[in-house]
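Here are my notes on the model, as numbered points. Please keep the structure open while you read.

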Amino acid sequence: MSQQVVNVEGVNIPVTTPPQAQPEPKPKTKDPLYWTKDFPLRFVKIFAGPPEQPRFDKSGSFRIYGCREGGKSSTAEAIALKFRERGGNIYDLCAAADNEQLGFLDAPFVEDVVLLKGDECLIEPPQGAKYRIMRASDLDPLTVPEDKKVYVLCRKLFYSEELYYQQMLRIVERCALKDSWNHIGCILIRESEQFLSATLRTHQAKTSAEAAAQVGRLNATLMHTGHSIVMDSVRDVEVLKTLREVSTYVVMKRMGNMQIQRQYFWIFRFITPETLRHLFPHQSIVLTESGTLALMYNLLPPFHIVRGSSLAKKHGLDNPKFDMEAVKRIQREQRQSQSGWQRVVSFEDHQKIVEYRKQNPPITFERIANQLGISESSCRRSMNLHLRNPRLCECEPDAT
Ligand SMILES: Nc1ncnc2c1ncn2[C@@H]1O[C@H](COP(=O)(O)OP(=O)(O)OP(=O)(O)O)[C@@H](O)[C@H]1O
Ligand SMILES: [Mg+2]
Ligand SMILES: [Zn+2]
């Protein structure tokens, strides 16, 4: 091996190994389900640092990034399968609009798959379906047994994006409260951009910086509560710096023409930039917390979505019915809780107050208060609310 010096993005770097991409390893056995026992995912080459293999028996956070179609989601699924193999549950919470997560319905362990729907969704599993459907609000990660279940939060089964995001955050927050466990659960966030916007859309954060900070906090907490978090995102910059620093594994897929952070330039002493930019989808370059630089191989999970096919249609989930009364009720409750509104008087009393005040001349608050046996200030507040926002006090029906 000859020692060369190459100029990488303006920096002179000695290269010790020649660039090479390895061919995809062939499965060793003919049994198509051979992978169900031990899913093929391992470091096949260690370039630097202590020799190790990825750990799935303790919490970790995986940040996967690379260019489009680089194999990010398939690696994320493969990592989740490794945690499931060791007995943990998978929470597959956040995916793009193609419902990629429904791929789990084609897995051989489909009896362990539970689809999570909104309270307002009336769908039932089709005849003969092996998976279950339950309300997302009934799922409490603190109390469900750790037994290799796959909980899939499916956007299709929610009336609105807000309701979907709300359940997504609720589940993650419940996960973050766990204080004892036997197996590590795996939270799969397929589109981290979406997860960030969830905190904004549900009004939990006001600015994107606040949202990023909140996600960073959640990520750090989850590590101490028996969960691993696997995040799949296209670019590195949009997930804040703290997230990058707390990642146990930084998994780089084919980088294509994407910018590579300066802090990673040292790896070009071991692999050439061309190698990193042209990786095959089954390959990843992994940097671990302890500084190991490795080439990782993973099999494509056989149930991974085939681009262009609608999994929702295939499984008869593409046209769910919604209970509109429930939708309105939930939306109203949301509005009330967001505005910090509290009912001061009962709805019947409120209607009486409004009626008395509409009379000509209006009856004084003092008399109303005496008649209804409630305080004068409550009457005033109730009436003010009615004038300001009759949708909050429920006098005006929802427009939706
Ligand atoms: N381990 C693998 N072995 C062979 N082919 C793979 C592997 N992983 C992914 N591929 C191929 O690459 C394609 C894209 O993979 P995947 O959906 O994981 O990419 P992605 O980076 O998540 O894309 P996007 O950015 O669009 O979400 C797959 O459809 C599959 O054909
Ligand atoms: Mg993807
Ligand atoms: Zn009113």
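**Notes on the fold and its packing**

1. Asn 99 sits in the loop that runs between strand S5 (90-94) and strand S6 (113-117). Helices (H or I, at least four residues) and strands (E, at least two) are DSSP runs, numbered from the N terminus. Asn 99 is not a glycine, yet its phi is positive, at about 55 degrees. Asn 99 counts as buried because 22 other C-beta atoms lie within 10 Å. The cut-offs are these: buried means 20 or more other C-beta atoms within 10 Å of the residue's own, exposed means 12 or fewer, and partly exposed is in between, with C-beta atoms placed from the backbone.

2. A word on the source. This is a predicted model, in which local features need pLDDT of at least 70 and side-chain atom pairs count only at pLDDT 80 or more, while totals for chains, interfaces and linings use all residues. Residues are numbered from 1 along each chain as its sequence is written, and chains are lettered from A and ligands numbered from 1 in the order in which they are written.

3. The overall picture. The chain holds 11 helices and 13 strands. It has 400 residues, and 37% of them count as buried. Among contacts with a separation of 6 or more, 76% come from residues 24 or more positions apart. Two residues are in contact if their C-beta atoms, placed from the backbone, lie within 7 Å.

4. Lys 148 also has a positive phi without being a glycine, at about 60 degrees. Its place is the loop between strand S7 (132-135) and S8. Is Lys 148 buried or partly exposed? Lys 148 is partly exposed, because 16 other C-beta atoms lie within 10 Å.

5. Val 150 belongs to strand S8 (residues 150-153). Val 150 is buried, since 24 other C-beta atoms lie within 10 Å. Which residues does Val 150 touch, leaving aside neighbours within four places in sequence? They are Ile 90, Asp 92, Phe 104, Asp 112, Val 113 and Val 114. Val 150 and Glu 111 are 39 residues apart in sequence, but 9.3 Å apart in space, C-alpha to C-alpha.

6. Helix H2 (residues 161-175) has 15 residues. From first C-alpha to last it reaches 21 Å, close to the 21 Å expected at 1.5 Å a residue. The expected span is 1.5 Å times one less than the number of residues. Buried residues of H2 include Leu 163, Tyr 164, Met 168, Ile 171, Val 172 and Cys 175.

7. H2 packs on helix H3 (residues 192-201) at about 105 degrees, with the axes 9 Å apart. Axes are lines fitted to C-alpha atoms, for helices over the stretch in contact, and angles run from 0 to 180 degrees between N-to-C directions. H2 and H3 are therefore roughly perpendicular. Angles of 65 to 115 degrees count as such, under 35 as roughly parallel, over 145 as roughly antiparallel, and the rest as oblique. Glu 161, Glu 162, Tyr 165, Met 168 and Leu 169 of H2 meet Ala 198, Thr 199 and Arg 201 of H3. These contact residues divide into 4 nonpolar, 1 polar and 3 charged. Ala, Val, Leu, Ile, Met, Phe, Trp, Tyr, Cys and Pro count as nonpolar, Asp, Glu, Lys and Arg as charged, and the others, Gly among them, as polar.

8. In H3, the buried residues are Ser 192, Gln 194, Phe 195, Leu 196, Ala 198 and Thr 199. They pack against S5, H2, strand S9 (185-189), helix H4 (208-222) and strand S10 (227-233). After H3 comes His 203, with a positive phi near 65 degrees.

9. Lys 352 is in helix H9. Lys 352 is partly exposed, because 17 other C-beta atoms lie within 10 Å. Lys 352 and Leu 372 are 20 residues apart in sequence and 8.8 Å apart in space, C-alpha to C-alpha.

10. Check the peptide bond from Asn 360 to Pro 361: it is cis, with omega near -5 degrees. Pro 361 lies in the loop between helix H9 (347-358) and H10.

11. Helix H10 (residues 365-372) and helix H11 (residues 376-388) pack at about 110 degrees, with axes 8 Å apart. That makes H10 roughly perpendicular to H11. Phe 365, Glu 366, Ile 368 and Ala 369 in H10 meet Glu 376, Cys 379 and Arg 380 in H11. The residues of this contact divide into 4 nonpolar, no polar and 3 charged.
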